[in-house]
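This report goes through selected local features of one structure, part by part. Please look over the sequence and the model before reading on.

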Amino acid sequence: MIVETLSTARAFDGVQGVYRHGSTATGTDMTFAVYVPSHAEDTRLPVVWYLSGLTCTHANVMEKGEYRRACAELGLILVAPDTSPRGPDVPDDPAGGYDFGLGAGFYVDATQAPYAAQYRMWSYVTEELPALVAAHFPADMARQSIMGHSMGGHGALTIGLRHPDRYKAVSAFAPIVAPSQVPWGRKALTGYLGVDATCWRAHDAVTLIEDGARLPGLLVDQGDADPFFAEQLRPELLEIACRDAGIDLTLRRQPGYDHSYFFISTFLADHLHWHAARLG
């Protein structure tokens with residue numbers, strides 16, 4: 001697997017890099033960001049995956065997330081993939097919407113034409129990119145955790161619930177917890193997976209929990225001034241599902257905070273400390 005270095009910069013004695021490679025999962029070039037803190041030679045460090053939301057790339061959290069100081073102090077690698085395949089031949093939303101197609105891969109493997117050939121973000125994030133990170137960075141793949149924002153929060157929750165032995169901690173910022181029940185999710189799941197809603201259940205955190213998926217605990221932050229709170233995010237549905245399943249959910253409703261990276265950057269270090277305590 002050939003990885004091209006697009007840029008590197010020193011930060012808190014570590015290295016913030018941006019990289020590109022040809023993906024077999026998506027059939028396109030994919031760009032991702034990795035922060036590696038300063039470490040002793042031959043040391044392997046735990047890995048935190050950060051999945052971004054609608055319209056975002058690796059750059060949003062890299063430029064606005066304010067995670068590097070905490071990662072440097074805690075000895076954590078942070079990996080930020082892109083949110084969809086990209087390129088002139090990659091199909092987009094025919095209606096021109098921001099919530100489907102480019103920048104909106106929803107971390108699923110599409111089964112519907114014309115998206116099935118390239119929109120394979122589940123395989124990319126759970127299989128291909130971890131293998132690449134393990135081969136090219138000082139990553140201890142026995143100690144991984146995952147977090148995300150909005151659509152990326154949906155991805156982090158569903159991936160964590162379906163791979164409970166792989167990820168030692170799972171958290172989210174303003175996640176889409178029940179895409180089967182909200183407009184963003186119904187549009188995306190129909191477009192990528194088809195009209196049979198039973199096929200959606202494996203990509204919906206609430207239905208995964210209802211169907212028996214379990215984690216020891218979850219941390220979720222949600223701003224109560226988030227304009228998407230009531231219609232698209234619906235954290236109360238996750239609260240009910242976790243309560244009924246006996247999952248230890250810490251759901252913090254943060255007063256006055258919206259959906260932006262001002263919100264995320266405020267609490268991202270808290271999440272990293274929470275992850276570090278579980279990664280060992």
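Phe-173 is buried, at 0% relative accessibility; buried means under 20% relative accessible area, exposed means over 50%, and partly exposed is in between, with a 1.4 Å probe and protein chains only. Phe-173 is placed in strand 7, residues 167-173. Helices (H or I, at least four residues) and strands (E, at least two) are DSSP runs, numbered from the N terminus. This is a predicted model, in which local features need pLDDT of at least 70 and side-chain atom pairs count only at pLDDT 80 or more, while totals for chains, interfaces and linings use all residues. Residues are numbered from 1 along each chain as its sequence is written, and side-chain values use heavy atoms, with hydrogens and water left out.

With neighbours within four places in sequence left aside, the residues in contact with Phe-173 include Tyr-50, Met-147, His-149, Asp-221, Phe-263, Phe-267 and His-271; contact means heavy atoms within 4.5 Å. Phe-267 is 94 residues from Phe-173 along the chain, and their C-alpha atoms are separated by 8.8 Å.

## The loop between strand 5 and helix 3

Gly-105 lies in the loop that runs between strand 5 (77-80) and helix 3. Gly-105 has a relative accessible area of 0% and is therefore buried. Thr-83 is 22 residues from Gly-105 in sequence, yet the two are 5.7 Å apart in space, C-alpha to C-alpha. Apart from neighbours within four places in sequence, Gly-105 touches Thr-83, Ser-84, Tyr-119, Met-121, Met-151 and Tyr-192.

Phe-106 is placed in the loop between strand 5 and helix 3, and Phe-106 is buried, with a relative accessible area of 0%. Its phi is near 60 degrees, a positive value in a residue other than glycine. Pro-114 also belongs to the loop between strand 5 and helix 3. The peptide bond joining Ala-113 and Pro-114 is cis, with omega at about 0 degrees.

## Helix 3 against helix 4

Helix 3 (residues 121-136) packs with helix 4 (residues 151-162) at an angle of about 60 degrees, and their axes are 12 Å apart. That angle makes helix 3 oblique to helix 4. Axes are lines fitted to C-alpha atoms, for helices over the stretch in contact, and angles run from 0 to 180 degrees between N-to-C directions. Angles under 35 degrees count as roughly parallel, over 145 as roughly antiparallel, 65 to 115 as roughly perpendicular, and the rest as oblique.

On the helix 3 side, Trp-122, Val-125 and Thr-126 meet Thr-158, Ile-159 and Arg-162 of helix 4. The residues of this contact of helix 3 with helix 4 are three nonpolar, two polar and one charged.

## Another positive phi

Arg-234 has a phi near 50 degrees, a positive value in a residue other than glycine. Arg-234 lies in the loop between helix 7 (229-233) and helix 8 (235-245) and is partly exposed, at 23% relative accessibility.

## Cysteines

How many disulfides does the structure hold? It holds zero disulfides, a disulfide being a pair of cysteine sulfur atoms within 2.5 Å. For Cys-56, the closest cysteine sulfur is in Cys-71, 18 Å away, which is too far for a bond. Cys-56 is buried, at 6% relative accessibility, while Cys-199 is partly exposed, with a relative accessible area of 41%.

Conventions
Ala, Val, Leu, Ile, Met, Phe, Trp, Tyr, Cys and Pro count as nonpolar, Asp, Glu, Lys and Arg as charged, and the others, Gly among them, as polar.
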